[in-house]
Amino acid sequence: MNDGIESRIPAGGKKIVLAGNPNVGKSVFFNALTGLYADVANYPGTTLDIACGRYNGDVVIDTPGVYGVSSYSEEEEITRDIILAADIVVNIVDTVHLERDLFLTLQIIDMGVPIIVALNMADEAERGGMRINHALLEELLGIPVVRTVAVHHTGIDELKEKIYQARPGLVDSSLLEKISRVSTPCSRGEALLILEGDPAVSQRCGAAPGAELESVYRSRRERANQIASLVVKEAGENQGFADKLGRWMLLPVTGFPLLLLTLWGIYELVGVFIAQYLVGFTEPMMSGYYEPAIQSLLGGLLGPGSVLTTILAGQYGVLTLTVTYLIGLLLPLVLGIFLVMAILEDSGYLPRIATLVDRSLSALGLNGQAVIPLILGFGCVTMACISTRLLNSDRERRIAIFLLAFGVPCSAQMAIIMAVFARLGPTYLLLYILILFSILTTTGTFLARYLPGVPAPLLIELPPLRLPQPKNFIKKAWTRSYNFIKEALPLFAGGALFLSILEVTGLLQGLRALLTPLTVNWLHLPPQIADVFIMGAIRKEFGAATIMNLHMLPIQDFVVMLTLTLTVPCIASTMVILKERGWREGILLWCVIYALAFLIGGVTAHLLEAFSKSGALNASSSLLFGLIIFITGAVLVLSMWFRPRKAD
């Protein structure tokens with residue numbers, strides 16, 4: 001990574017590094033200095049990669065948000081090495097949390113790197129009754145300090161004027177003496193990190209790690225507290241509506257109603273307006289105008305019905321299905337989900353949602369951040385799988401994607417489910433919900449119990465609530481959507497090519513015959529139901545809609561709806577899962593879920609037949625069967641939690 005950065009620096013150019021705690025606005029400064037776009041979010045951990053740009057012939061580097069530089073995390077390692085090689089560090093500090101942020105400021109000063117401080121979010125501090133003595137802070141630190149409100153471009157011009165006035169700050173004399181005793185040829189910054197016991201820097205410099213970490217950190221924290229106490233004056237409590245609303249969002253009695261209202265709004269926007277109405281317009285436009293035009297063009301050039309025409313422009317054509325899905329289906333959905341996520345991030349509400357529901361999701365091996373993907377899955381599983389990127393650990397992303405793929409029906413499928421159960425009656429719908437809830441709870445508990453690793457604790461900062469800036473969240477949503485579509489294009493093209501080859505070789509018809517023993521002998525369904533599962537693998541609602549044209553017993557309708565719900569989502573979601581989890585894990589997940597779906601479907605079919613008369617359930621039989629399923633799931637969950645867990 002450093003080699004890539006070095007290659008971008010012109011002759012005589014400087015490395016200007018932006019550093020600061022998470023959620024202080026570094027990316028806004030990066031955009032202002034370079035004119036480029038990087039993610040700007042009021043949410044911790046959004047800067048995952050290193051962004052580089054140019055300013056006055058120099059290179060500007062945006063680093064991940066960290067509270068200190070060391071080897072404790074990948075973000076800290078990356079930031080540490082970039083700061084060690086920096087010519088100038090622009091340290092962005094959250095004025096509201098000055099005492100906290102000064103720890104990193106003092107560590108960079110102790111490293112001897114030229115530094116300038118940008119006191120950002122100064123307007124929020126002033127609204128909260130804080131007054132900062134900037135002149136005294138400059139004197140105590142020995143470096144330039146600039147007051148900024150980056151989102152409104154306040155102070156940016158002054159920062160640009162003073163950026164080359166950055167200089168090494170004042171260091172405690174006792175610490176300098178300790179650093180001078182580090183007997184190895186290295187820079188002052190490296191000597192400090194060796195003194196603090198950083199193993200990577202110590203090994204790199206050929207020195208033994210020091211044992212002064214605790215004393216150095218304690219002294220630095222005391223210095224930060226002392227400086228903050230001298231320069232910060234509280235003008236009295238000045239609590240605004242945003243502060244009160246932020247507290248209401250965290251209290252269960254008010255937080256859950258606000259959350260339900262927010263989730264309802266998200267569902268109406270993404271799950272109904274975009275997934276149903278907007279996609280209901282864009283997808284027919286693509287299939288009704290674009291696809292016929294391509295088919296007509298290729299038919300004239302290559303001959304209608306030819307193998308190449310079928311592969312390129314057939315039902316699963318590379319130029320038809322791929323483009324229709326990406327532009328007509330995925331682009332509106334992805335743009336919608338990224339727009340919602342950007343607003344939630346920039347407003348500061350997302351970490352409050354995570355904090356509120358953290359305990360409720362802990363039994364499933366997830367923390368509070370997983371509530372967003374799980375809810376969005378009922379709008380579109382495809383976009384819900386994309387949103388699992390906000391989860392902190394790979395283990396949590398794995399559990400969330402498995403649950404989404406296994407038992408969360410999308411809005412399009414839910415419409416068919418409602419139509420089918422309207423015909424079957426409310427008894428079957430209640431039974432369906434009870435079984436699905438028991439399956440998902442048991443599955444989540446099992447994964448949480450036996451997957452390697454431990455649940456990641458919810459360590460999250462609660463930023464102030466802010467009114468999102470339209471220019472920022474719209475630009476962010478569009479940039480993320482464009483990048484996703486660009487990455488997804490080859491995956492969708494490959495999937496369409498595979499299906500087309502199956503079709504022209506006759507293997508697709510063979511798959512129907514291959515599924516017949518499973519559907520007839522195990523699920524006790526008619527032979528033509530095989531088409532439902534094959535079509536469901538392409539688009540789940542297509543498969544579900546096929547059921548409407550079949551005349552089956554009520555129990556058979558129920559079994560096929562349950563089994564289809566539990567199978568892997570449509571090809572669009574499958575391609576996203578393969579992209580997010582990799583081909584090996586994605587294919588394994590796909591196979592496991594299909595096996596479990598047919599296993600559960602077959603067991604349910606046999607049990608329902610034992611409780612039914614003439615292929616139908618009465619209310620008492622349905623209630624008894626539902627209670628058996630619920631109690632069985634509860635026993636499984638309890639047995640897993642009370643069983644001693646093996647050491648990882």
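A cavity, as meant here, is a set of grid points where a 1.4 Å probe fits but cannot get out. In this predicted model, that rule gives a count of 1 cavity of 30 Å³ or more.

The lining of the largest cavity consists of Leu-321, Thr-322, Tyr-325, Phe-492, Gly-495, Ala-496 and Ile-571. Two elements, α15 (321–347) and α22 (470–505), each give two or more residues to that lining. Sorted by class, the lining holds 5 nonpolar and 2 polar residues, with no charged ones.

| Helix pair | Axis distance | Crossing angle |
|---|---|---|
| α4 and α9 | 8 Å | about 120° |
| α26 and α28 | within 8 Å | roughly 160° |

Take α27 and α28 to begin with. On the α27 side, Thr-574, Ile-577, Leu-578 and Arg-581 make the contact, while α28 brings Trp-583, Glu-585, Gly-586, Ile-587, Leu-589 and Trp-590. By class, the contact of α27 with α28 has 6 nonpolar, 2 polar and 2 charged residues.

Helix α28 meets another partner too: α26, residues 554–566. Angles over 145 degrees count as roughly antiparallel, and the axes of α26 and α28 cross at roughly 160°; these two helices are therefore roughly antiparallel to each other. Their crossing is right-handed. From α26 come Ile-555, Phe-558, Val-559, Leu-562, Thr-563 and Leu-566. The α28 side of this contact includes Ile-593, Ala-597, Phe-598, Ile-600 and Gly-601, and also Thr-604, Ala-605, Leu-608 and Glu-609. The contact of α26 with α28 divides into 11 nonpolar, 3 polar and 1 charged residues.

The remaining pair in the table is α4 (residues 98–110) with α9 (residues 188–195), packed at an angle of about 120°. That angle makes α4 oblique to α9. Here Gln-107, Ile-109 and Asp-110 in α4 meet Arg-188, Leu-192 and Leu-193 in α9. By class, the residues of this contact are 3 nonpolar, 1 polar and 2 charged.

Conventions
Residues are numbered from 1 along each chain as its sequence is written. This is a predicted model: local features need pLDDT of at least 70, side-chain atom pairs count only at pLDDT 80 or more; totals for chains, interfaces and linings use all residues. Side-chain values use heavy atoms; hydrogens and water are left out. On a 1 Å grid over the protein atoms alone, a cavity is a set of points where a 1.4 Å probe fits but cannot get out, and a pocket is an open set with protein on both sides within 12 Å along at least five of seven lines; lining residues have an atom within 4 Å of a point. Grid points are joined across faces, edges and corners, and a volume is the space filled by probe spheres set on the points. Helices (H or I, at least four residues) and strands (E, at least two) are DSSP runs, numbered from the N terminus. Ala, Val, Leu, Ile, Met, Phe, Trp, Tyr, Cys and Pro count as nonpolar, Asp, Glu, Lys and Arg as charged, and the others, Gly among them, as polar. Contact means heavy atoms within 4.5 Å. Axes are lines fitted to C-alpha atoms, for helices over the stretch in contact, and angles run from 0 to 180 degrees between N-to-C directions. Angles under 35 degrees count as roughly parallel, over 145 as roughly antiparallel, 65 to 115 as roughly perpendicular and the rest as oblique. A crossing is left-handed if the near helix is turned anticlockwise from the far one by less than a right angle, and right-handed if clockwise.
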